[in-house]
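Biologist: I would like to learn how to read helix packing and cores. Please take me through a case.

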Amino acid sequence: MSETAAGRRAPAGLIVAGLLVAVALTIAGALLVRPTEPGTRDEQARAIAAELRCPDCAGLSVADSPTGAAAEIRREIDEQLAAGQTAEQITVSFVARYGAWILLTPPGAASWLIPLGATAIGAVILALWLLRRKETFTEPPPADTGPAQGQPHMAQATARRLAVGVAVTLLALLGIGFLLPEPFSLAAETVVNQPLAEAQAAEAERQAEIERLLTSFAADPTDPALLSDLADAYLAGPSGEDLQRAASVLLLLIGLDPDDPDPYVRLISAYIRAADWTNATAATDALEELAPDSPDVPFFRGLMAWRGYGDAPAAIEAFDEFLQMAPDDPRVPMIRALRQQAAAEVD
Amino acid sequence: MRAARWLVVPLLAVPLGWVLFMSLGRDPSEIPSPLIGQPMPAFSGPGLDGQALSSTSLADGPIIINFWASWCIPACVDEHPVLMDAAARYADEVQLVGILYDDLPTDARDFLVRYGDGGWPHLIDESGAVALSFGVLGPPETFFVDAEGIVRAKHYGPLTTEDMERYLTLVLGEPR
């Protein structure tokens, strides 16, 4: 009898062990298949595009989709890479517009834990069912029933108790996960992924910095270093409103020292980022008067001609002038790429 | 043992019921967008009437940004009278701006001739960059921006008069 009991205890232990191995293999597999960091810019761009969902087609990544929206996203990825943004910053910039929906790999623990939990529960139910079947098949004939029969039932009960325990624990963990407060909750739809949370923390810090600078500004409105810091804080912001505020601060700074070309350069960048081509042109005219030999002048003229007015020949002319004036400038690769795009347009 | 088995039912049912309950009363067309509560993205470009159009040159006050296309049938046709009505009734309080989504200017002009031109400006977003900055999935999609320039709501699909009233209350304040 005790032999049968041992025989019955073994499958329960085996099933639980098998279950644990399966869970461990799933987790290890998920960790191992993460792609390695790609090398060239084209590879990087493709890797980023492959992780983004195409907005206007079903079930394709931006890398694989032929639609206009996907092409525009690929163009923007390339532009942001050229401007020195990291893959993470670029992905975050799309999440900030579309939400975590745009990520093909879902962020947060919920999307991974739920199928994992469901599989574990399914395995436990299967184990219970198998144990019960075995019991029916190996049930001794009724004539044999006696006091000794209690023992296999005990083994059976232990195995079942164990399985139910595992199932209840998993379910309880899932339940608790759903009831946790917002950023940790398994039901949270948005802010669970690391890069986005970091970006939001950085934004909160920036707002605090602006608050602090504005207080100092109220005490001394003519401190150029303070104004410069304030402009930087606004320029680091993501919205058109931030850029307009940066522009106002830079105009104040120009008022304090009209002969310094540096605030002009930052002012023009702000206008270009805000797609305010009229003001960008006016500010570039002012910069040209102040510093006619600055390579920034053809740099901005080229950017405005290409992005703002779509005037490819004028853009090429300005880009060439910039490349000739500043062949060692860090912006050369970006301008080369833009010149190539403009040249393709002319052909 | 039996008690433990009965425990499984509420443990399964409670989280599921909670998720379903939280979704009750939500309008499926009112899409959660990360832009809500954020400043409206800036935009500029050629207008359908030949005049340049820029977010910085719009009058102060609430703005309705409507992404649409002449090929978006029937949704854009269905909501067009709602937009026309709002543009006429709230002409002094809110500025409507149309943004073409993946559409040809000639087709868009034909649409306006056929279904009525409410007189609000339309931006030709040829590359799709503006739609991208708003996180648009497909037309029609409408954003409601308050007088401070903050995005208050995003509606996916055709707008009904009731939707319009609800969103306008959000950006204008009290209903009238």
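Modeller: Start at one helix. Helix H12 (296-308) and helix H14 (332-346) of chain A are among the elements that cover the buried residues of H13(A). This is a predicted model; local features need pLDDT of at least 70, side-chain atom pairs count only at pLDDT 80 or more, and totals for chains, interfaces and linings use all residues. Residues are numbered from 1 along each chain as its sequence is written, while chains are lettered from A and ligands numbered from 1 in the order in which they are written.

Biologist: Which residues of H13(A) are buried?

Modeller: Buried means that 20 or more other C-beta atoms lie within 10 Å of the residue's own; 12 or fewer is exposed, in between is partly exposed, and C-beta atoms are placed from the backbone. In H13(A) the buried residues are A:Ala315, A:Ile316, A:Ala318, A:Phe319 and A:Phe322.

Biologist: How many residues of H10(A) are buried, and what do they pack against?

Modeller: 10 of the 13 are buried, so H10(A) is mostly covered. Among them are A:Arg266, A:Ile268 and A:Tyr271. The buried residues pack against helix H8 (224-235), H9, helix H11 (277-290) and H12 of chain A. After H10(A) comes A:Ala275, with a positive phi near 60 degrees.

Biologist: Which residues touch the most other members of the largest nonpolar core?

Modeller: In soluble globular proteins, nonpolar side chains tend to be buried together. A nonpolar core is a set of buried Ala, Val, Leu, Ile, Met, Phe, Trp, Tyr and Cys residues joined through C-beta atoms within 7 Å. The largest has 96 residues; A:Leu250, A:Ile268, A:Tyr271, B:Ile99 and B:Ala131 touch the most other members. Domain 2 (35-102) and domain 3 (194-346) of chain A both contribute, so this core lies between them. The domain bounds come from an automatic or database domain assignment.

Biologist: How many residues of chain A are in contact with chain B?

Modeller: Contact means C-beta atoms, placed from the backbone, within 7 Å. 31 residues of chain A are in contact with 37 residues of chain B. H6(A) gives the most to chain A's side, with nine residues.

Key. Two residues are in contact if their C-beta atoms, placed from the backbone, lie within 7 Å. Helices (H or I, at least four residues) and strands (E, at least two) are DSSP runs, numbered from the N terminus.
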